[in-house]
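Here are my notes for you, colleague to colleague. Have the model open while you read, and click on each residue as it comes up.

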Amino acid sequence: MPVTQLSTRLPHGAAGSAPAASQPRIRIRDVTLSYGPLQIIGGVSLDIVPGETICIIGPSGCGKTTLLRMLAGLAQPTSGSVELDGAVIGGPNRSVAIVFQDYGKALLPWRTAAGNVSLALEARACPRAERPAIIRELLEKIGLGRHTEKYPAEMSGGMQQRLQIARCLAQEPKVLLMDEPFGALDAMTRQALQDEVLGLVATTGATMVFVTHDLEEAIYLGDRIVCLQPNPGRVGRIVDVRLARPRDQLLTREDPEFLRLRRELYDLIKDDHQ
Amino acid sequence: MKNFSLRKLLLGCATLVLFILVWKLVTDAKLISPIFFPGPERTYAALEKGLSGGALLTQTLETVQRMLLGWLLASFVGVFLGSLVGISKRARAFIAPTLELLRPLPASAMIPIAIAFLGFSDNMVLVVIAFGALWPMLLATIHGFAAMEPRLYEVSAVLGLSRGQVIWKLALPSAMPMILASLRLGLTISLILAVVGEMLASRAGLGQSILAASRSFRSADLFAGIVILGAVGLVGSRLLSFGERRLLRWQAVNR
């Protein structure tokens with residue numbers, strides 16, 4: 001597993017001469033974003049190859065979420081460009097799904113779990129007859145198979161976030177964006193969801209960009225970790241995570257490499273806070 | 001839960017009985033001349049006679065039909081226009097202030113204008129009802145759309161929902177509690193304007209019959225008409241709250 005991880009990362013270094021097959025899924029080029037005189041993002045460049053999981057960490061106010069919103073097409077850069085498979089992202093796009101942290105606001109309270117997933121299918125004009133099977137499969141995959149007829153308000157926070165992830169998967173996205181998705185969940189639920197998301201990404205081959213303020217979460221999930229620095233937001237460092245996959249909540253977190261990375265990132269972030 | 005609502009019903013009925021009793025005492029004591037103020041027995045007799053004789057029944061049906069038609073017209077136009085205005089932030093900014101200005105105009109003040117254009121006709125009354133009952137629905141829809149969770153607009157954009165889908169699948173359901181409350185308000189206004197319209201344009205119905213009864217000092221018939229109007233309003237409002245509870249089942253879950 002680690003070998004294939006390495007090989008998918010290699011073209012990144014040789015981006016210019018890479019053949020079309022290994023062209024980056026996402027290319028962020030010299031992106032800046034300002035609101036009036038206030039510069040939020042000051043020149044970010046990053047290539048993300050297909051199937052890669054990138055975690056973005058950084059102190060609050062460093063533009064993590066803003067960067068993610070640009071990838072989703074919900075915000076436009078002031079200068080520079082964000083490309084998906086070579087085409088500029090000019091607005092929201094069905095092949096880029098985003099999981100918001102505030103699942104309570106992102107779900108439709110008047111629709112059941114099945115109805116919420118169905119919304120994504122209705123949006124992409126999936127024939128009515130095919131929907132129930134797809135919905136059932138997605139909800140089972142994410143562990144909500146027995147709760148299809150429940151309303152979001154009848155579900156725990158972890159279940160609601162699962163539901164939002166299921167709806168994003170119903171989009172059949174190439175890229176899955178996660179904006180601190182587990183920030184509001186308790187530790188046990190968070191770990192369970194981390195493993196489920198890793199499993200989903202592995203089976204679907206989706207590219208994932210995961211924003212978090214939890215260093216350990218970033219190491220546990222990511223192939224690479226992008227540390228942003230604030231005022232204005234820019235890439236401080238990119239750290240490669242060479243940990244075996246599939247990852248394991250106990251073994252991976254006890255791995256000396258995991259601990260070394262945690263120390264390294266901690267020092268990096270600490271410097272930014274001073 | 002069931003016992004509780006039964007108790008509430010009994011208490012409500014007890015208050016009604018008490019009210020009728022006071023009514024009877026006041027009329028028996030002849031505090032007000034019986035020519036103007038009939039007792040409950042005389043009112044009931046007039047009610048029975050009117051409903052079995054047919055005149056009152058057809059008049060009631062006329063009024064109810066007028067009320068429902070006007071209300072339906074107002075509801076469709078109100079929610080439709082409200083959706084068009086509400087879905088666009090810009091349209092809201094442009095149009096909402098004008099609507100707020102037009103809204104407090106008493107619909108009965110529009111009757112002379114309506115008469116000038118449509119004459120003393122059933123259509124005139126219908127237009128007046130629709131115009132008067134339109135406002136709650138229109139404004140509730142606009143406000144409901146404006147109050148929709150902004151995150152849901154983002155979700156709709158990322159999922160790639162069309163504007164029609166956003167209206168039908170996100171904005172309308174999210175505005176539904178407000179719209180349903182306004183539908184009830186609109187029904188009351190429709191009933192009022194149906195009666196006023198009938199009185200002014202002398203169209204067949206309870207409004208006209210009440211006016212005629214009062215002019216010929218048939219106070220029992222007058223009160224019978226009023227009792228029926230009260231009953232119509234009550235039944236309409238109850239039916240709507242029943243529909244409201246069914247449509248908003250998800251809200252009961254949320255609490």
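1. Ground rules. This is a predicted model, where local features need pLDDT of at least 70 and side-chain atom pairs count only at pLDDT 80 or more, while totals for chains, interfaces and linings use all residues. Residues are numbered from 1 along each chain as its sequence is written, chains are lettered from A and ligands numbered from 1 in the order in which they are written, and side-chain values use heavy atoms, with hydrogens and water left out.

2. A nonpolar core here is a set of buried Ala, Val, Leu, Ile, Met, Phe, Trp, Tyr and Cys residues joined through side-chain atoms within 4.5 Å; buried means under 20% relative accessible area, exposed over 50%, and partly exposed in between (1.4 Å probe, protein chains only). The largest one has 143 residues, and A:I165, A:L177, A:I225 and A:L265 have the most contacts inside it. Helix α8 of chain B (residues 163–201) gives the largest share, 15 residues. Helices are DSSP runs of H or I, at least four residues, numbered from the N terminus.

3. A closer look at A:L265. Leaving out residues up to four places away in sequence, A:L265 touches A:I57, A:L215, A:I219, A:I225, A:C227 and A:V239. Contact means heavy atoms within 4.5 Å.

4. Helix α9 of chain B. In this helix (residues 206–215), the buried residues are B:L206, B:G207, B:S209, B:I210 and B:A213. Looking down the axis, they fall within an arc of 165°, so they line one face; the arc is that of the directions from the helix axis to the C-beta atoms. Their cover includes α3 (55–87), α8 and α10 (219–247) of chain B. After the helix comes B:F217, with a positive phi near 55°.

5. Where the chains meet. On chain B, 18 residues are in contact with 26 residues of chain A. The two chains bury about 2,000 Å² between them, 67% of it on carbon and sulfur atoms. That area is the accessible area (1.4 Å probe) that two parts lose on being put together, summed over both. In chain B, the most area is lost by B:R151, B:V158 and B:L159, together 33% of what that side buries.

Key. Helices (H or I, at least four residues) and strands (E, at least two) are DSSP runs, numbered from the N terminus.
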